[in-house]
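This report covers a cavity and a helix pair. The sequence and the structure come before the details.

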Amino acid sequence: MDYYILKLVVVAVVSWTAAFLFIRKIFPNRSFDFCNRLVSTTHAALAVTLTSLSVQDWRCPVCPLASNSSPLQMQTLAWTLAYLIYDLVCCLFDQRVNVDNTIHHLISIVGIGAGLVYEKSGSELVAALWITEISSPFLHCREMLKELGYRDTGLNLTADVTFAAIFTFARMVCGPYLAYLTLSARNPIIIKAMALGLQLVSAFWFFKIARMVKYKLAKWTSKKAA
């Protein structure tokens, strides 16, 4: 790993932490989770923007496969690695450890860290980042709306359905295709393991989200009928 990238990761971890503390200062009456979700939403927007800019050929967004990472891809992955480290520690401080989310973070940290060390598989890694983060703003929006007093409203249901639809398309349509490309290309074994691990976690979350949406729609329908 280039020394510049290592230094960028350290600076980015400090930056994400400072952003969280700043948001806590601005919104002292909001919960720890609410403030962390604002940071997470900022990261998701930044990640989707940087990954989109780092695509070398939109006719084949994941090309070239198993190739050396470009400088922009390395920087994008460094910012996300730093965010994942910050968020993992932040969740521990919140004292509400979610096992599947922790596994997702650890898989991502190891995979992205390996990509930065090898300086390879940049196309696959940024594509995975785009797929995993494109639905994140809606995930955090639905939770923040509850704290803002919009629980069980049409607005919250819209956020739930929108999140579920985008997650399903990204993780269960684009995700398996990317996993196949990553596993079939000459990528380091740890990158292949990350691809498989993330897809398994995504499939697990998909079934949980499907049950959630089914429950929310049934609840909304019965509420309207009453």
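The largest cavity is lined by 16 residues, of which Ala-128, Gly-175, Leu-178, Ala-195 and Leu-198 lie nearest its centre. A cavity is a set of points on a 1 Å grid over the protein atoms alone where a 1.4 Å probe fits but cannot get out, and lining residues have an atom within 4 Å of a point. The model is predicted: local features need pLDDT of at least 70, side-chain atom pairs count only at pLDDT 80 or more, and totals for chains, interfaces and linings use all residues. Residues are numbered from 1 along each chain as its sequence is written, and side-chain values use heavy atoms, without hydrogens and water.

Two or more lining residues come from each of α5 (122–133), α7 and α8, with helices taken as DSSP runs (H or I, at least four residues) numbered from the N terminus. The most come from α8, which gives six residues. The volume of the largest cavity is about 180 Å³, and the structure holds three cavities of 30 Å³ or more.

Helices α7 (residues 154–184) and α8 (residues 189–225) pack at about 155°, with axes 9 Å apart; axes are lines fitted to C-alpha atoms over the stretch in contact, and angles run from 0 to 180 degrees between N-to-C directions. The pair is therefore roughly antiparallel (over 145 degrees).

The table gives residue classes.

| Site | Nonpolar | Polar | Charged |
|---|---|---|---|
| Lining of the largest cavity | nine residues | five residues | two residues |

Ala, Val, Leu, Ile, Met, Phe, Trp, Tyr, Cys and Pro count as nonpolar, Asp, Glu, Lys and Arg as charged, and the others, Gly among them, as polar.

Conventions:
Angles under 35 degrees count as roughly parallel, over 145 as roughly antiparallel, 65 to 115 as roughly perpendicular and the rest as oblique. On a 1 Å grid over the protein atoms alone, a cavity is a set of points where a 1.4 Å probe fits but cannot get out, and a pocket is an open set with protein on both sides within 12 Å along at least five of seven lines; lining residues have an atom within 4 Å of a point. Grid points are joined across faces, edges and corners, and a volume is the space filled by probe spheres set on the points.
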